Amino acid sequence: MKTETQKTLMGYVAGLLFGLGLAVSGMTDPARVLGFLDLAGAWDPTLMFVLGGAVITNFIGYRLVLRRPHPLLGERFQLPTRTDLDGRLIGGAALFGIGWGLSGYCPGPAFASFAGLSAPLAAMLLAMVLGWFLARAIPARS
Amino acid sequence: MDGMASLQGLIGGILIGLSATWLMATLGRIAGISGILGTLITQRPRGDSAWRLAFLLGLISGPVVLMMLGGGLGNVAGGGVDVTGEVIGAPAGGVPLMLAAGLLVGLGTGLGSGCTSGHGVCGLARLSPRSLAATVIFLVAAIVTVFVVRHVIGGGA
């Protein structure tokens, strides 16, 4: 099999695992997500278990994987190197949080819910893509 | 507290963590949805798009596979109308609300270089200070937003 085909296959498997994980955990239901974010209501702890399970698994996984000289099908691990906090990061995270709190959708669950497409979900996805284009149009200072 | 829902959350979370580890082990990439898909859609990088598109197709097919397996393997909270049985829940609002929310999520994750997966699942696992800051900020912003919508404007509904 050609390397390019293998890479595509690995990408599919990663997406499939991710989508299965979101579905099994119930993160494809905005009511679950909003239930977690609603500390003053009938609090739903599910998202805490999802994020905790994912971070701990990946923490161990990264430690095993990043010991290797390079990934299976690539020349190097492509990791972010910045450690500084800037306005773009802080402001962006705040805007994202507001949108997440309004809808109960972050990008993963929104796209993973495509099989249940409705007019509101279509609006969410289209507006999100528009937002990605807008963010690219805003130049980084310095 | 619903023990079964929490257990499914934990199992699903482990699957998501395995996905992130898998993508790093095979392609050397961070499993951040806004990064993978945002780059695919806004830039279509030559020679670097096929795996992103495949990831998107996998992401969409995950819940479909679970639906086909049947037997109520999903974990929807049960509120509102579930458009696809017990796997995919219904949106929490109408088109105007989702347009506003989608724009904020797209713009915010674009400017902030990541979302719940890139900063949360991957960044926290790398102990990145930027990702820790972003995760705390978007969680607090989301919690405050839900409080205002449900308990200030909505009167506790």
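Start by colouring chain B by domain: domain 1 covers 1-89 and domain 2 covers 91-157, with bounds from an automatic or database domain assignment. This is a predicted model, in which local features need pLDDT of at least 70, side-chain atom pairs count only at pLDDT 80 or more, and totals for chains, interfaces and linings use all residues. Residues are numbered from 1 along each chain as its sequence is written, while chains are lettered from A and ligands numbered from 1 in the order in which they are written.

Next, look where the two domains of chain B meet: 10 residues of domain 1 are in contact with 8 residues of domain 2 (C-beta atoms, placed from the backbone, within 7 Å). On the domain 1 side, α2(B) gives the largest share, 4 residues.

Now show both chains. Here 109 residues of chain B are in contact with 109 residues of chain A. Select α1(B), which supplies the largest share of chain B's side, 22 residues.

Finally, move to chain A and select helix α3, residues 46-65 (helices are DSSP runs of H or I, at least four residues, and strands are runs of E, at least two, numbered from the N terminus). Among the buried residues of α3(A) are A:F49, A:L51 and A:Y62 (buried: 20 or more other C-beta atoms within 10 Å; exposed: 12 or fewer; partly exposed: in between; C-beta atoms placed from the backbone). Their cover includes α1 and α2 of chain A together with α1 and α5 of chain B.

Methods. The expected span of a helix is 1.5 Å times one less than its number of residues.
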